[in-house]
Each structure stands twice: as C-alpha cells, then as structure tokens.
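Hello,

Here is the structure I promised to pass on. Please open it first, then read my notes below.

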Amino acid sequence: MASPRGFERNRIQRNVLRVAGVVLLLAGAYFLVVGGMQFADDANSSDVDTGFGPVLRLGLGGFLAVFGLAALNAGFLGAQARYAAGETLPVVKDSAEYLSDGEGVLGVGRSAGPFCSGCGVRNDRDARFCDGCGAPLRA
Ligand SMILES: [Zn+2]
C-alpha cells in the first residue's frame with residue numbers, strides 16, 4: 001500500500017487531470033463548432049484565401065478533444081481499476097473456490113489449502129479442522 005502522503009498526492013493529480021480533461025474537451029468542442037461553421041461558410045463563398053483558418057481550428061479542436069479524453073481516462077480509469085481489483089476480483093476468486101471445491105476453474109481460485117495427514121482430504125486455505133475427518137490441521 002502507498003503511504004497516505006503518496007495517496008494524497010495521487011488524489012490531487014487525479015483531480016487536476018479530471019478538471020483539465022473537462023476544460024480541454026470544452027475547448028476542443030468550441031473550436032470544432034466554430035471551425036465547422038466557418039468551414040461551411042467558406043464553402044458557400046468564393047473567397048478561398050481564408051480556407052486555412054477553419055481547417056486549423058478544426059484540427060486544434062480535435063487535438064484538444066483527444067487530449068481531454070486522455071486526461072479524463074487517466075483521472076478516472078485508475079479508480080475503476082482499483083475498485084475492480086479491490087471489490088470484484090476477490091468475490092470472483094471466492095466464488096470460483098466455492099463452486100469448484102477448492103480445485104479452481106481454469107486456474108482461477110485454486111486453493112492452496114493443506115492436505116489432511118489423517119485422511120488425505122484437501123482443505124481450504126484457512127481451514128483449522130479437516131473437512132473429511134474433523135481432525136485439527138496444522139499450518
Ligand atoms: Zn482428515
């Protein structure tokens with residue numbers, strides 16, 4: 001686990017990324033709309049000298065939007081991954097152990113529990129007494 005200080009620093013970074021992502025997305029959307037409207041206006045007019053400005057704004061808008069999405073990803077995806085790792089995976093692992101009686105499903109949830117020295121039954125990792133004969137298990 002990270003120290004509280006490191007966690008606090010990461011939290012600030014995530015919030016900066018989230019705010020920056022929203023700002024970049026809004027700016028990108030603005031340039032995309034303005035550039036798109038100017039592009040449509042230029043297409044209707046016979047003046048071709050100003051054609052570079054709208055294209056530049058459209059490109060800048062797309063550029064900002066992509067970076068905004070990337071920043072939002074970096075700000076939010078980490079939290080989702082941590083939630084999945086902390087909440088979902090242990091439940092999946094326990095369910096696989098339960099359903100497969102400790103032998104695992106496709107390698108997931110394979111129990112590393114001890115074999116009973118008296119009857120040979122394999123037991124759960126945290127078992128204190130044998131499932132087969134009830135004898136106390138040593139760790
Ligand atoms: Zn036993």
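Start with leucine 58, which sits in helix H2. Please keep in mind that this is a predicted model. Leucine 58 counts as partly exposed, because it has 18 C-beta neighbours inside 10 Å. Its contacts, leaving aside neighbours within four places in sequence, are Leu32, Gly35, Gly36 and Phe39. Take glycine 36 from that list. Glycine 36 and leucine 58 are 22 residues apart in sequence, yet their C-alpha atoms are 6.6 Å apart in space.

Now the chain as a whole. The protein chain has two helices and zero strands. It holds 139 residues, and buried ones make up 10% of them. Consider the contacts with a separation of 6 or more: 36% of these join residues 24 or more positions apart.

Next, isoleucine 12. This residue lies in helix H1, which covers residues 4-44. Is isoleucine 12 buried or exposed? It counts as exposed, because only 12 or fewer neighbours are needed for that class and isoleucine 12 has 10 C-beta neighbours inside 10 Å. Across the chain, isoleucine 12 and glycine 75 are 63 residues apart, with 9.9 Å between their C-alpha atoms.

Last, aspartate 126. Look for it in the segment after helix H2, a helix that spans 52-99. Aspartate 126 has 9 C-beta neighbours inside 10 Å, so it counts as exposed. Glycine 113 is 13 residues away from aspartate 126 along the chain, and their C-alpha atoms are separated by 7.0 Å.

Best wishes

Conventions. Residues numbered from 1 in each chain as written. Predicted model: local features only at pLDDT ≥ 70, side-chain atom pairs only at ≥ 80, totals over all residues. Helix = DSSP H or I, 4+ residues; strand = E, 2+ residues; numbered from the N terminus. Buried ≥ 20, exposed ≤ 12 C-beta atoms within 10 Å, placed from the backbone. Contact = placed C-beta atoms within 7 Å.
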